[in-house]
2 protein chains.
Amino acid sequence: MNTLHFTAEATSNGIVERDFTVNGIPGVLWSPESGADRAALVLMGHGGGNHKKHPAMAGRARLLVNGCGFHVAVIDAPGHGDRPHTEHDEAEIAALFAARAAGEPESPIVVRYNDHLAKLAVPEYRALLDALQKLPAIGIDGPVGFWGINMGTAIGVPFVAAEPRITAAVFGQHWPDVLAEKAKHITVPIEFDLQWDDEHISREEGLALFDAFASTEKSLHVNSGKHKELPRFEADSAVRFFARHLVSAVTSLA
Amino acid sequence: MNTLHFTAEATSNGIVERDFTVNGIPGVLWSPESGADRAALVLMGHGGGNHKKHPAMAGRARLLVNGCGFHVAVIDAPGHGDRPHTEHDEAEIAALFAARAAGEPESPIVVRYNDHLAKLAVPEYRALLDALQKLPAIGIDGPVGFWGINMGTAIGVPFVAAEPRITAAVFGQHWPDVLAEKAKHITVPIEFDLQWDDEHISREEGLALFDAFASTEKSLHVNSGKHKELPRFEADSAVRFFARHLVSAVTSLA
């Protein structure tokens with residue numbers, strides 16, 4: 001129970017990539033090849049319609065492993081990647097595509113579907129963290145961060161609100177409807193991304209979610225551009241954020 | 001006319017600091033000791049009540065010179081540093097202190113006084129740039145940035161709006177009343193800082209000024225905290241912003 005089963009391993013450019021399952025859920029763990037002992041861990045959540053090894057996930061992991069010597073783990077969200085689609089998943093995705101085709105707002109569907117997935121995913125992420133902390137290279141007392149944008153925020157906000165082991169988080173690009181109430185319970189440092197010309201999330205909605213976090217240390221990064229145009233340099237910024245907040249708590253870093 | 005007269009020079013930790021006057025106005029130029037040829041230039045504007053060598057100025061210059069090999073120059077604003085105070089300066093500063101003591105809003109006084117100073121300072125900055133570009137190590141065709149927060153923004157926004165030689169700018173922490181109209185004429189990339197709990201500048205005012213810039217590439221960095229609590233890491237971020245926007249235009253960098 002709550003144990004990682006490694007299923008594949010590959011090493012390239014100084015990074016060990018290990019596929020695993022935990023309670024049957026497929027995931028991936030990226031670690032420094034040089035074998036950092038008791039390095040910090042960052043859990044990530046992928047975006048809607050994507051999966052654990054999407055280039056955005058692998059790219060962020062590379063920055064965190066190479067730049068900070070951290071471990072990085074992500075699991076497929078329910079209904080995503082290598083996991084089965086339920087009838088409910090199919091119906092919600094069909095509703096989303098229909099709204100998109102009709103030029104209607106996507107937000108009511110995305111908000112309720114992501115909330116549904118988050119309810120399933122939060123206990124999965126807690127079990128993932130239990131399992132990862134059993135690994136000697138991670139351990140139970142190291143610092144742990146969470147990084148998820150879009151659907152990764154829909155899952156990450158309730159997860160971090162419920163999980164005292166997370167000590168810093170990067171979120172962004174979601175609506176306040178469901179998440180603002182949960183964000184009020186988050187007090188750890190956060191960095192939050194939103195796009196100033198997002199065609200789905202209004203400025204007021206984005207700012208309202210940022211405002212809801214109870215964190216005394218919080219930073220908002222707004223960039224010009226549409227929903228999918230979040231600049232690549234915000235990933236570098238997130239890595240520096242984790243370096244500031246997680247490295248100082250690490251006793252031995254590669 | 002519009003020529004630098006160097007009055008003192010000192011070198012420490014790889015940085016050459018040269019005091020100068022231009023049209024009688026005192027300034028300072030920080031450059032890499034290793035003698036970068038045709039390196040980029042960043043002009044800075046200091047905050048209200050401060051001066052050209054305030055630790056915030058010297059600290060930012062150190063980051064830019066050591067981190068990017070840039071030249072950095074700043075002049076005392078009218079009524080500041082080594083420049084004479086006029087009766088008007090004295091009256092406005094007295095009005096500011098009186099408002100502060102009475103617990104009244106400072107913004108009407110700061111906005112009108114900074115606007116007055118900016119009208120004087122914009123031609124001074126243009127003359128400064130003319131003079132600096134006559135130096136062989138800078139030249140007339142290198143990239144030039146501007147960095148000023150608070151009063152540095154009050155001077156910088158009309159300066160950059162009027163000065164096509166500036167190709168990237170970092171601003172922040174001022175009111176839209178006078179500046180928003182001028183910001184509409186600025187199209188170069190900007191990074192803009194504001195404090196989420198600023199006791200002088202409301203969120204709406206700060207966001208309105210950010211929104212006014214016509215730049216297609218613009219980033220807003222909001223941090224929790226009061227007016228004077230702008231985090232130190234925003235200086236590092238500004239340096240990376242200038243590195244992104246000014247380095248690529250430099251042919252030869254130390």
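Which residue of β9(B) does A:Asn223 stand opposite? A:Asn223 stands opposite B:Ser219 in that strand.

## Basis of the model

This is a predicted model, in which local features need pLDDT of at least 70 and side-chain atom pairs count only at pLDDT 80 or more, whereas totals for chains, interfaces and linings use all residues. Residues are numbered from 1 along each chain as its sequence is written, and chains are lettered from A and ligands numbered from 1 in the order in which they are written.

## Where the chains meet

The contact between the chains takes 12 residues from chain A and 12 residues from chain B, two residues being in contact if their C-beta atoms, placed from the backbone, lie within 7 Å. On the side of chain A that touches chain B, the elements giving two or more residues are β9 (218-223) and α7 (233-246), and β9(A) supplies the largest share, 6 residues. Helices (H or I, at least four residues) and strands (E, at least two) are DSSP runs, numbered from the N terminus.

β9(A) pairs with β9 of chain B (residues 218-223) in the antiparallel sense over 5 bridges; strands count as paired if DSSP finds at least two bridges between them.

Strand β1 (residues 4-12) of chain B runs antiparallel to β2 (residues 15-22), joined to it by 8 bridges, and B:Leu4 stands opposite B:Val22. The two strands form a hairpin with 2 residues between them, where B:Asn13 in the turn has a positive phi of about 50 degrees.

β2(B) is also joined by 8 bridges to the antiparallel strand β3 (residues 25-32), with B:Val22 opposite B:Ile25. In this hairpin, which has 2 residues between the strands, B:Asn23 takes a positive phi near 55 degrees.
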